[in-house]
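Dear colleague,

Please find the structure below, handed over for your records.

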Amino acid sequence: IVALAERAKAEVVAALASVTEATLAEPFPIAVAGVTLPTSRFLLHLGTHFTFHLGQIDYHRRIVTGNAQSAGTLPIAALL
């Protein structure tokens, strides 16, 4: 799983490197819930959705291992 996550990370970094301001302003080619969003907003949606699932994984880890400590995520202030 870790190797797959690292590969996915490398692919995302490579893909985002090719994104331009013009690309971000264009409509994303696939409608979300019947709504066409700008690419920038769809990328925000993907990032938020991924973060939701990371939280689920962390809760699962805590339940399975009995370790209630955080996975060491960054506080919001560090992201701003």
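**Salt bridges**

A network of salt bridges links Asp58, Arg61 and Arg62; a salt bridge is counted where a side-chain nitrogen of Lys or Arg is within 4 Å of a carboxyl oxygen of Asp or Glu. The model is a predicted one, in which local features need pLDDT of at least 70 and side-chain atom pairs count only at pLDDT 80 or more, whereas totals for chains, interfaces and linings use all residues. Residues are numbered from 1 along each chain as its sequence is written, and side-chain values use heavy atoms, with hydrogens and water left out.

Helices are DSSP runs (H or I, at least four residues), as are strands (E, at least two), numbered from the N terminus.

Asp58 counts as buried at 13% relative accessibility, while Arg61 is partly exposed at 25% and Arg62 is partly exposed at 25%. Here buried means under 20% relative accessible area, exposed over 50%, and partly exposed in between (1.4 Å probe, protein chains only).

Three salt bridges are found in the whole structure. One of them joins Arg7 and Glu11 at 3.7 Å, N to O. These two residues, Arg7 and Glu11, are four residues apart in helix α1, and Arg7 is exposed, with a relative accessible area of 54%.

**Aromatic rings**

Arg62 also lies over the face of Tyr59, at 5.7 Å from the ring centre; the criterion is NZ of Lys or CZ of Arg within 6 Å of the ring centre and within 35 degrees of the ring normal.

The structure holds one aromatic pair. Phe28 and Phe42 are stacked, 3.9 Å centre to centre with 20 degrees between the planes. Phe28 lies in the loop between α2 (21-25) and α3, and Phe42 in helix α3, so the pair ties together parts that are 14 residues apart in sequence. Both Phe28 and Phe42 are buried. Rings of Phe, Tyr and Trp (its six-membered ring) pair if their centres lie within 6.5 Å; planes under 30 degrees apart count as stacked, over 60 as edge-to-face and the rest as tilted.

Yours sincerely
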